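Dear colleague,

I am sending you a protein structure for your studies. Please look through it first and then read the notes below.

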Amino acid sequence: MATPGNRRAMLLLILLSGLIISLCMGLRQSLGLFMRPMTLDLGISAATFGFSIALQNIVWGVSQPFVGGLLLMIVSKSIPGGLELAGFLIGIGTAGAGFGVLIGTISRATPPEKRSQTVGLVAAAGSLGTMVIAPLGGWLIDGYGWHVAMVAFAAIAGSMAILSLPIREQPVSDGNLSKVNQKLSDALREAIAHRGYLFMTLAFFACGFQLVFITTHLPAYLQLCGVAPGVAASALGLIGLFNAVGTYMFGLLGARYSQKHLLAMIYLLRTLIIVAFLLAPISAASTLVFAAAMGFLWLGVAPLVTGIIGRVFGLTHFNTLYGIVFLSHQVGSFFGAWMGGVVFDRFGNYDFGWGALIVIGVTAFTLQWLMDERPPREREAAGAPAPLPA
């Protein structure tokens, strides 16, 4: 039975986790605003900037947040490989304040019947940072230059280290003693032999590919289409606003309906929205509608993916199993950011990049819809291949 002290500790955990993720994701998803001014001022290509964002995503490891990476971007021109090193450091810093660590903490501290809703609530709160930080970044860039804006971003990043200090885990057993005593090697072997886990991991590649392409290259794409620069910042902020609503709603829906089918529908709807955006005349109005629609589907995947992993494999090795799935997401993020810059440098437009988003989105929908989400023992009882013995 929950005591008042436990409830207060849980509330503090939810509030601090939501705030930290909000700042972390708001900073990360607003870096595309710096692409145009930095490429013009430093004389670097779009591919170079895109690679630094790509590198940031691929090195998303385990670390506590620190500001070195953001500050390094200011002096990157005078340091060989400085922009790439900045991306590397930002990626490490983002990891300790992102979903991989904090969502695992929330999942272990929440009873199974409330897990989807609670993760959805924290992820929704994490969406609000973009709504504030993206417009703030655009205003600072326009009014004071990108150097001042980057210093402000670094200061915000530094505040996350202080916010993380009071966090304490409050683990709750999910009642699966066999999973509690399971070795990590056995858990990994079990997951790799699970076709549904592999399908979900491959599908998650599309999530990172689509979203990071948009946050990195949408501002430059809009300028090519003659849309005023301020619209890009407003669009990123709108993504954050609708993301908060959509993520919380998918957390609620995930507690009642098939999580794998909800995931599949997110991938499909995102892809259809991209198609509609490209077919309609590109304007400020169509961009804001696109941002609102995409924002509604942005992080709704978080409570669904974590819900599936916790239900199928338990929570003992949750962070590792989620980390493998999230690595696929980050590989997609790497190629989404880098590919966009390479395509633009070579062809002077983003047509091929948008086409890749559509093809990959349809593929992800198919894989996720066909996912087998039965726990390993149920699959074995039904005749599915069992994991190889140790």
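**Overall make-up**

The protein has 18 helices and zero strands. Here helices (H or I, at least four residues) and strands (E, at least two) are DSSP runs, numbered from the N terminus. Please note that this is a predicted model, in which local features need pLDDT of at least 70 and side-chain atom pairs count only at pLDDT 80 or more, while totals for chains, interfaces and linings use all residues. Residues are numbered from 1 along each chain as its sequence is written, and side-chain values use heavy atoms, with hydrogens and water left out.

Of the 390 residues in the protein, 54% are buried. Buried means under 20% relative accessible area, exposed means over 50%, and partly exposed lies in between (1.4 Å probe, protein chains only). A contact means heavy atoms within 4.5 Å. Among contacts between residues at least 6 apart in sequence, 85% join residues at least 24 apart.

**Cysteines**

How many disulfides does the structure hold? The number is zero, where a disulfide is a pair of cysteine sulfur atoms within 2.5 Å. As for individual cysteines, Cys207 is buried, with a relative accessible area of 1%, whereas Cys225 is partly exposed at 33%.

**Two helix pairs**

Two packed helices are described by the angle between their axes and the distance between the axes. Axes are lines fitted to C-alpha atoms, for helices over the stretch in contact, and angles run from 0 to 180 degrees between N-to-C directions.

Angles under 35 degrees count as roughly parallel, over 145 as roughly antiparallel, 65 to 115 as roughly perpendicular, and the rest as oblique. The crossing in which α12 passes α14 is right-handed. A crossing is left-handed if the near helix is turned anticlockwise from the far one by less than a right angle, and right-handed if clockwise.

On the α12 side, the residues that meet α14 include Val231, Leu238, Phe242 and Phe250. Their partners in α14 include Ala284, Leu288, Ala292 and Phe296. The residues of this contact of α12 with α14 divide into 13 nonpolar, six polar and no charged. In this count, Ala, Val, Leu, Ile, Met, Phe, Trp, Tyr, Cys and Pro are nonpolar, Asp, Glu, Lys and Arg are charged, and the others, Gly among them, are polar.

The next pair is helix α11 (residues 195–224) with helix α13 (residues 259–279), whose axes come within 11 Å and cross at roughly 30°. These helices, α11 and α13, are therefore also roughly parallel to each other. Here α11 passes α13 in a left-handed crossing. From α11 the contact involves residues including Phe204, Cys207, Leu211 and Tyr221, and from α13 residues including Leu263, Tyr267, Arg270 and Phe277. The residues of the contact of α11 with α13 divide into 13 nonpolar, two polar and one charged.

**Individual residues**

Leu163 counts as partly exposed, at 21% relative accessibility.

Ala154 is also placed in helix α8 (residues 146–164). At 4% relative accessibility, Ala154 counts as buried. Its C-alpha atom and that of Leu27, 127 residues apart along the chain, are separated by 9.0 Å.

Gly18 belongs to helix α1 (residues 4–28) and is buried, with a relative accessible area of 3%. Between the C-alpha atoms of Gly18 and Val119, 101 residues apart along the chain, the separation is 9.6 Å.

Leaving aside neighbours within four places in sequence, Ser328 is in contact with Thr201, Leu202, Phe204 and Phe205.

Finally, Trp298 sits in the loop between α14 and α15 (301–313) and counts as buried, at 2% relative accessibility. Trp298 and Arg270 are 28 residues apart in sequence and 8.5 Å apart in space, C-alpha to C-alpha.

Yours sincerely
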